[in-house]
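Biologist: I would like to learn how to read aromatic rings and helices in a model. Could you walk me through it?

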Amino acid sequence: MSLIARTITGLVYIAIMLGVIISNSVVAVGMVFALMAGLACYEYQNIVQINRQDFILKILHSVMAALAVYISFAALTAGMTSRQYLVALLPYVAYYLYFTIGELFRRREQPFSEVSHAFFAHIYVAIPLGLLLSMSLGAYQLDSTGVLAKSVIFPRTFWLLPIFVFVWLNDTGAYLVGSLIGRRKLFVRISPKKTVEGAIGGVFFALLGALVFYYFLPELSPWYHWVILAFIVALFATLGDLFESLLKRTYNVKDSGKMLPGHGGILDRIDSILIAALPAYMYVMLAIYL
């Protein structure tokens with residue numbers, strides 16, 4: 001039953017992500033990413049046990065993670081001036097000052113632990129998703145009259161597709177190969193079930209996906225860019241999964257939440273993309289476009 005629930009949940013998640021990517025709407029992607037950021041931030045607070053006695057503050061902190069994604073990046077599509085952009089950021093700035101200065105009066109046992117975890121949650125969750133969102137807009141602007149706009153019907157959000165697909169292929173390959181022939185442990189201290197063979201299998205699946213993208217869209221980029229991007233995403237997706245495993249093991253938590261049957265929480269579902277997003281963003285924007 002767990003495998004069936006996991007499969008159904010995974011397919012629904014993939015369908016939602018493919019739907020918003022193919023929609024070519026940065027605003028739609030921004031709304032989904034903002035929701036994911038808020039929920040993942042809430043789960044992170046539960047894992048590290050901050051804001052335990054203040055449920056309203058926990059909710060507010062999660063909302064601010066979503067706001068950091070949506071206002072800071074999706075609002076760019078509205079053509080805001082610098083002044084308008086700063087005005088849009090005022091709620092987050094005010095909240096940051098409230099949270100940090102408020103520790104002077106809350107009399108917690110470990111105030112700096114609370115503040116550090118609170119805003120690391122935003123760095124960990126909101127910044128990677130925000131970068132992916134801004135890449136959607138930036139990539140389109142860099143190539144709005146070039147081959148990207150002429151080759152695909154969703155040029156604004158196109159580069160999200162290979163990044164997410166490579167993550168999914170890496171996860172699938174690691175699971176299948178690891179289950180079939182996995183023997184040597186990859187990182188037994190953090191995740192006893194992961195194997196070296198599974199990790200290699202995940203990279204191999206991602207590289208196959210890269211060649212498929214090149215086969216259908218050879219005009220977008222040389223084959224080696226596809227292969228390098230796939231390798232980068234697969235490598236850091238695995239490290240992202242391990243990082244969240246380390247987080248949960250440190251705080252003796254099995255799953256980040258119970259929202260997704262068979263998967264646990266939102267953070268369990270997006271942990272790979274959170275670490276892979278930054279190097280993938282840098283490679284697409286610096287190597288492929290510049």
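**Reading rings and helices**

Modeller: Happy to; keep in mind that this model is predicted.

Biologist: How are the rings of Tyr95 and Phe99 arranged, by centres and planes?

Modeller: Planes under 30 degrees apart count as stacked, over 60 as edge-to-face, and the rest as tilted. By this rule there are 22 aromatic pairs. For Tyr95 and Phe99, the ring centres are 5.9 Å apart and the planes meet at 55°, so this pair is tilted.

Biologist: Where do Tyr95 and Phe99 sit in helix H4?

Modeller: Helix H4 covers residues 82–106, and the two are four residues apart in it, so about one helical turn separates them. For an edge-to-face pair, look at Trp223 and Tyr224: 6.1 Å centre to centre, with 85° between the planes.

Biologist: Are Trp223 and Tyr224 buried or partly exposed?

Modeller: Trp223 is partly exposed, at 49% relative accessible area, and Tyr224 is partly exposed too, at 41%. Ring pairs can also join into a cluster, as they do for Phe154, Phe158, Trp159, Phe166, Phe213, Trp226 and Tyr289.

Biologist: Which charged end sits over the ring of Tyr42?

Modeller: That of Lys58, 5.5 Å from the ring centre.

Biologist: What span should helix H9 have?

Modeller: Helix H9 (residues 223–250) has 28 residues, so at 1.5 Å a residue it should span 40 Å; its end C-alpha atoms are 41 Å apart, which agrees. Just after H9, Asn252 adopts a positive phi of about 55°.

Terms used
Residues numbered from 1 in each chain as written. Predicted model: local features only at pLDDT ≥ 70, side-chain atom pairs only at ≥ 80, totals over all residues. Heavy atoms only, no water. Phe/Tyr/Trp six-rings, centres within 6.5 Å; stacked < 30°, edge-to-face > 60°. Buried < 20%, exposed > 50% of the residue type's maximum accessible area, 1.4 Å probe, protein only. Lys NZ or Arg CZ within 6 Å of the ring centre and 35° of its normal. Expected span 1.5 Å × (residues − 1).
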